[in-house]
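Here is a short briefing to read alongside the structure. Take a look at the model first, then work through the points below.

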Amino acid sequence: MNTLIFRTVAPFLTALMVLFSLFVLLRGHNEPGGGFIGGLIAVSALAIFGIANGIAAVRKALWFHPMAISAFGLFIACLAGLLSMVFAVPFMTGLWVYPVILGVEIPLSTVMLFDAGVYLVVVGAITSIALALEAGDDL
Amino acid sequence: MAVTPTDLSAALVMTPVAPADWLVVLPPAWCLLTGALLLMLRKSLHLQAWLAVPALAVLVLIDAALLAHVATNGPATMVMGRWLPPFGIAFTADLTGVLFALAGAVVALAGAVHALTDIDGRGRRYGFYPFLLLLMAGVSGAFLTGDIFNLYVWFEVLLISSFGLITLGSEPRQIDGAIKYAFLNLIATTLFLVTTGYLYGIFGTLNMADIAVKAAAARAELPLMTLATLYLLAFGMKAAAFPVNFWLPASYHTPRVVVSALFAGLLTKVGIYALLRTLIMLFPLEREELSFVIALAGAATMILGALGAIGQSDIRRLLGYAVISGIGVMLAGLSLGSPGGIGGAIFYALHSMIVMTALYMAAGLAGRLAGSFDLNLLGGLYTRSALFSALSLVLFFAVSGLPPFSGFWPKVMVAKAAMDIGAWWLVVVVLLTGFLTTIAFGRVFALAYWRPAADALPDETIPPSALVPLAALTALTVVFGLFPDPLLSLVQHAAQGLADPQAYIGSVFPGRT
């Protein structure tokens, strides 16, 4: 897939898809979407970037190792559940805060933190699989 | 967009959670948290063991505290996300689950210490310690969950981690073992999932306490026999019961020895635990119907396991058959269904977790000292290290069920329970198995330890970090052999709690007993 058109479009497409994946992640609280599907969209974006520019470029763009990203996701998802220990409610109870930033009330919750963890687990795990498969192609 | 909050208090747990109840979910949560941390630090090889060993030591402490809590206050429950059961997923710790979880944590700690020298830099780069922590998350979760679909999820967690552990190093031989292991385990897991789907179709609930209540109320018109039989097949495969045991000898000798040790201590016992949970607590009358089938399978597993052990010349393969033979004793206890039989099965499972792990460690050290795992080539171990030989001999006696070691008491319990209902043939099989196992391990001791070495042995010594966990596990079998009373009373209470789950149900649904 080494065409000029694809290589030119891929970075923009990737940026747009990653942005959309974040939208899907945040939308998932009350409507269709969420961490899992959002993560899959982000992985597709990275896969497109990888097909166009090679896996070295993807690894450089990610900065962190994909496995470390997914481990961090697992870590914060677990932490989101354990936060309820402080408030004497059962594990994984949804806890909310409503900070007002620049006059806008932004509801934040442990549920969202958990979903962000799922997002990162999916992004990290599937990206490392995709990169391994694409690397195998070069051999 | 402001959403007006709905009043959900009728569907929520409104009483504040006591700190002690947190112990119920902490074992898997702690393992996931530390496992994720180790995975992030995958490149810092020197940090891995320094974090993993203390993390597992903390897990042992958590499980011990949970055991103390459950032994004094009865089963404890925590429901995820505050939703009331059966809609919220319940974690319920009763004595059976906690005893298994504690023994599992002890085994994992011993394995982690033993792995300090057994797993080299390459194995650590592949992620031995993160996999071990995630495996323990799956194992602890399986022992403590009160929801049958959640049990399936923990099975998956431990299965995925065990795939990682079994292929540590990616040698062709390991891949071969891993494929057999993975394929047959996935069949069992799929069967478990299908059965659980069927169960949900029948009961409309997945909470085990709820199922126990509903099954008892409407036993006559429900196809519970089908469910019990399917679970027996699925978990029997997990536990390596005859005739679905062939995956175990085909795969357990291929990974690193310490990985085999952990598998032998943890994985098949999760299958036995699931059998106890489903067949004793959920479907006791159906188990009654199936008892002869289970007893036959148990007897065949015992005898064929012991004969297989005699027939092997590779000590790691021999130990694989010894694991299977032990599963037979647990199945025999399960088939009897009386408190003595179930207690014997639980006690034997705990004993087997400790002893089989220690035996694999001993086999690994024997292989390292003598440069081979083949009984035809091994020799002269006694002259190399008398202490190591003494520890091995204790373990050989323990696994054969000879007094005064921990294998003796559960066999007595199972044999006595069999005599109580006049199943003399089962008693004969249990005793014959002990005899055959003694022959198998006597052969190992005569050939590998007593016999003078044929060639010069490699210049190896046992590092203390490998010997200490072996000695500690051996000490446990001696202590429980000499002073079995505390553990005996615990397993008897555990067996009663399984056979009559009123306290378990009361813990999940306060006020519904």
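Chain A has five helices and four strands, where helices (H or I, at least four residues) and strands (E, at least two) are DSSP runs numbered from the N terminus. Read along the sequence, their order is α-α-α-α-β-β-β-β-α. This is a predicted model, in which local features need pLDDT of at least 70 and side-chain atom pairs count only at pLDDT 80 or more, while totals for chains, interfaces and linings use all residues. Residues are numbered from 1 along each chain as its sequence is written, and chains are lettered from A and ligands numbered from 1 in the order in which they are written.

**Chain A overall**
- The C-alpha trace of chain A spans about 55 × 35 × 25 Å along its principal axes.
- Of its 139 residues, 37% count as buried (20 or more other C-beta atoms, placed from the backbone, lie within 10 Å of the residue's own).

**Where chains A and B meet**
- In chain A, 17 residues are in contact with 18 residues of chain B (C-beta atoms, placed from the backbone, within 7 Å).

**A helix pair in chain B**
- The axes of helix 1 (residues 26-40) of chain B and helix 5 (residues 128-144) of chain B come within 8 Å and cross at roughly 165 degrees; axes are lines fitted to C-alpha atoms, for helices over the stretch in contact, and angles run from 0 to 180 degrees between N-to-C directions.
- Helix 1 of chain B is therefore roughly antiparallel to helix 5 of chain B (an angle over 145 degrees).
- Among the residues that meet here are B:Leu32 in helix 1 of chain B and B:Leu133 in helix 5 of chain B.

Conventions. Two residues are in contact if their C-beta atoms, placed from the backbone, lie within 7 Å. A residue is buried if 20 or more other C-beta atoms lie within 10 Å of its own, exposed if 12 or fewer, and partly exposed in between; C-beta atoms are placed from the backbone. Angles under 35 degrees count as roughly parallel, over 145 as roughly antiparallel, 65 to 115 as roughly perpendicular and the rest as oblique.
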